[in-house]
Amino acid sequence: MEEDDFDPEVVKRFLFVNRKAPYGTVYALESLETVLISAAFDQDVSVVFADDGVFQLKKGQDTTGINMKNFSPTFRALEGYDVEKLYVEKESLEARGLTEDDLVVDVEVLNSEELSKIMAAQDVVITN
Amino acid sequence: MKFGILVNEGPFTHQASDSAYQFAKAALEKGHEVWRVFFYHDGVNNGNKLSEPQADDRNLVKLWSELAAEHNVDLVVCVAAALRRGIKDDVLAPGFRISGLGQLIEAGIVGDRLVVFGD
Amino acid sequence: MLHTVNKSPLERNTLESCLRLAAKGSAILLIEDGVYGALAGGQAAEKISGRMGDFTFYALGPDLAARGLSEAPLIDGIKIVDYGGFVDLAAEREAQQAWL
């Protein structure tokens, strides 16, 4: 099947949900790769960070000692790909002793009730 | 209805691939279309024809291949995830093809539903 | 929205997070190890029974049976479906979210 099999006029609401911490497993990194690719399809993309997923955005990550790529700076590049809707759950931050100031990128912090409304209004939800 | 399916785990370690297969089979039995199954993360191992389960065990790689042959299901293995894990064209089981992550996004756009299985 | 939960609530916070972030009116289907959450005598039972007004709960029959739970007492109100029922739920609801 060809890449141009679909109607270019179709714009769906895509939600990527990140609930896993970085490095311990590959999900966070490979999920970010999916978000970057989705930007090329001109869809309505939102990214949610909840539970341990908020640790992906923690400032000051230094992976030299574990010989893995520090991909946290890439979150700052998302804006350049027109991926601007980054949501973080307030309850998840608080449960981990974090505040918005601890995060590498500007996000919208929402409580679970506000976030659930955004999450409910999606066409495609991709989780890892 | 046109279903897309995402499988995030390989066969055997996690139940995700089994669940996805059972879901796909049930959807086809109900007359739905399973347009594409996209394999990501360790899910790319579902396309490895070198997999040899014991004789009394289900062979998920073969089951996916058969599903593709019988129902024209497009089985796509993510190229970046596959190369990292040593999955190349030479080890690919029948019915699978290697392509880009864009094929997952496309499955979301074209399909009426995208159903995700992982761990 | 159809939410699928595949982790035991005794091991992970997956069910809890789903219950916190799913919008009212959603369907929640317990699959794989998620079916342990359907046990009436389990520690998670109250989490589900207290939310019966907000969500419709389902458990996947083949996963219950595989784990020796076909005859086990389940939380009142949880409906049992097979894979065909899972497909119906995915088709009826406008999207699916997998809680992993």
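Predicted model: local features only at pLDDT ≥ 70, side-chain atom pairs only at ≥ 80, totals over all residues.

These entries follow the order in which I looked things up.

**Entry 1. Sheet of chain A.** I looked up the strand order in chain A. I found an open sheet of 5 strands, ordered 4-3-2-1-5, with parallel pairing. Strand 4 (108-110) and strand 5 (124-127) of chain A are the edge strands; each has a single partner strand, so one side of each lacks a neighbour in the sheet. From one strand to the next, the twist averages 25°.

I then took one pair from this sheet. Strand 2 (residues 44-49) and strand 3 (residues 85-89) of chain A run parallel and are joined by 4 bridges. For Ser46(A), I read off Lys85(A) as the bridge partner in strand 3 of chain A.

Next I checked what covers these strands. Helix 4 (residues 112-120) of chain A lies across strand 1 (13-18), strand 2, strand 3 and strand 4 of chain A. Its angle to strand 3 of chain A is about 140°.

**Entry 2. Sheet of chain C.** I asked for the strand order here too. Chain C has an open sheet of 5 strands in the order 4-3-2-1-5, and the pairing is parallel. At the edges stand strand 4 (79-81) and strand 5 of chain C, each with a single partner strand, so one side of each is left without a neighbour in the sheet. The twist averages 25° from one strand to the next.

Strand 2 (residues 27-30) and strand 3 (residues 56-60) of chain C pair in the parallel sense over 4 bridges. I picked Ile28(C); its bridge partner in strand 3 of chain C is Phe57(C).

Helix 1 of chain C lies across strand 1 (2-5), strand 2 and strand 5 of chain C. I noted an angle of about 165° to strand 1 of chain C.

**Entry 3. Chain C against chain A.** I counted 12 residues of chain C in contact with 15 residues of chain A. Which elements of chain C give two or more residues to this side? They are helix 1 (14-21) and strand 5 (96-99) of chain C. By type, the chain C side divides into 7 nonpolar, 4 polar and 1 charged.

**Entry 4. Val61(B).** I placed Val61(B) in helix 2 (residues 60-71) of chain B. Is Val61(B) buried or exposed? It counts as buried, because it has 25 C-beta neighbours inside 10 Å, and the cut-off for buried is 20 or more.

Leaving aside neighbours within four places in sequence, I listed the contacts of Val61(B); among them are Pro11(B), Asn46(B), Lys49(B) and Ala93(B). I also checked Pro94(B): it is 33 residues from Val61(B) in sequence and 9.1 Å away in space, C-alpha to C-alpha.

Technical notes
Residues numbered from 1 in each chain as written. Chains lettered and ligands numbered in written order. Contact = placed C-beta atoms within 7 Å. Nonpolar A, V, L, I, M, F, W, Y, C, P; charged D, E, K, R; others polar. Pairing = 2+ DSSP bridges. Axes fitted to C-alpha atoms, helices over the stretch in contact; angles between N-to-C directions. Buried ≥ 20, exposed ≤ 12 C-beta atoms within 10 Å, placed from the backbone.
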